[in-house]
Amino acid sequence: MSAMREAPDPSPLLAVNGLVAAYGKAEVLHGVTFHVGRGEFVSILGRNGAGKSTTVCALSGLLPKRAGSVHFAGADVTLSSPRALVRAGLIQVLQGHRVFPSLTVEDNLTVAAAAAGQRATRSHLADIYGVFSEIADKRHQPAAGLSGGQQQILAVAQGMIAQPRLLILDEPSLGLAPIVVDRILSVMAQLRRQGVAILLIEQLFDKALAHSDRCYLMETGRMVHEATSPELVGNDVLHRAFLGGHVA
Ligand SMILES: Nc1ncnc2c1ncn2[C@@H]1O[C@H](COP(=O)(O)OP(=O)(O)OP(=O)(O)O)[C@@H](O)[C@H]1O
Ligand SMILES: [Mg+2]
């Protein structure tokens, strides 16, 4: 296991320390530690079942924590509710596009903004429709009528309209054509340039590396490697982690 570096920023936007979580008796996270700096784009990479989704659900309180701490924007939020964290600007796009099927596309966006204590202004909506024309055309139709890919785009758009300080995206690429994935990641990179921190969970590691500043590799409930993205490009640690064998 490579040494975990100290956070360069003494007060990162998100700091997760020693997070332990379980489903019933099955402990899935065995002490997960990582951080995301202010305005930083960080990826968590790992195989199926590594514990990536469990990590983001446990840090935001959607799943109870057995141990560990979470700090967000300088405050201890270990015991905060998911709702309080959303209001504080920690916005999650859960794996598997969860939108409100009976609401129109636009109402889905309005509700997502309101949940975060924000207002979906005309200009915010126009920005979103400008980048995601596939949902713009259907803004007055119920979300149930969207394709799976369009619902995934709507879920990402819901995260954006909530005006996050940290936007967490759990495998946004699922079910999407590569060209749409590229567009979503470019939009995320643009948000990052505007000061929004991004935490991307992905299995498409080439795409994640291309856009993020720093990456963690996760294996069976622990972060096993941390590196800047350029350090990981072409690095055989990734191949061992994803194509067989364990990271030493
Ligand atoms: N609701 C659940 N009940 C019981 N076990 C679960 C539940 N959800 C996940 N698990 C188990 O917890 C472990 C971690 O799952 P998790 O979904 O966090 O992995 P992941 O890294 O997000 O994988 P993927 O890339 O497939 O989304 C796996 O062994 C999985 O089978
Ligand atoms: Mg997952």
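How many residues surround ligand 1, and which are the closest? The views below start there. This is a predicted model in which local features need pLDDT of at least 70 and side-chain atom pairs count only at pLDDT 80 or more, while totals for chains, interfaces and linings use all residues. Residues are numbered from 1 along each chain as its sequence is written, chains are lettered from A and ligands numbered from 1 in the order in which they are written, and side-chain values use heavy atoms, with hydrogens and water left out.

**View 1. The shell around ligand 1.** Here 13 residues surround ligand 1, and Asn48, Lys52, Thr54, Glu171 and Gln203 are the closest; a residue is near a molecule if one of its heavy atoms lies within 4 Å of it. The shell divides into three nonpolar, seven polar and three charged residues. In this scheme Ala, Val, Leu, Ile, Met, Phe, Trp, Tyr, Cys and Pro count as nonpolar, Asp, Glu, Lys and Arg as charged, and the others, Gly among them, as polar. With three residues, H1 gives the most to this shell.

View 2. Look for a polar side-chain atom of Gln95 at 2.9 Å from a ligand 1 oxygen. Taken alone, ligand 1 exposes 630 Å², of which the protein buries 59% (Shrake-Rupley method, 1.4 Å probe). A polar backbone atom of Gly51 is also 2.9 Å from an oxygen atom of ligand 1, and a backbone N or O atom of Ala50 lies 3.2 Å from one.

**View 3. The magnesium ion (ligand 2).** Ser53 (OG) and Gln95 (OE1) are its protein donors, lying 2.0 Å from the ion. The two come from distant parts of the chain, 42 residues apart: Ser53 sits in helix H1 (residues 52-59), and Gln95 in the loop between strand E6 (90-93) and helix H3 (105-115). Donors are N, O and S atoms within 2.8 Å of the metal (3.2 Å for Na, K and Ca), and sites may look incomplete because water is not among the atoms. Ser53 counts as partly exposed because its relative accessibility is 23%, and Gln95 likewise at 28%.

View 4. Strand E9 (residues 214-219) runs antiparallel to E10, joined by six bridges; two strands pair if DSSP finds at least two bridges between them. Helices (H or I, at least four residues) and strands (E, at least two) are DSSP runs, numbered from the N terminus. Tyr216 has Glu226 in E10 as its bridge partner. Two residues lie between the strands, and Thr220 takes a positive phi near 35°. In E10 (residues 222-228), five of the seven residues are buried; buried means under 20% relative accessible area, exposed over 50%, partly exposed in between (1.4 Å probe, protein chains only).

Key:
A polar contact is a pair of N or O atoms within 3.5 Å; within protein, one must be able to donate a hydrogen and the other to accept it, and residues adjacent in sequence count only if both atoms are side-chain atoms.
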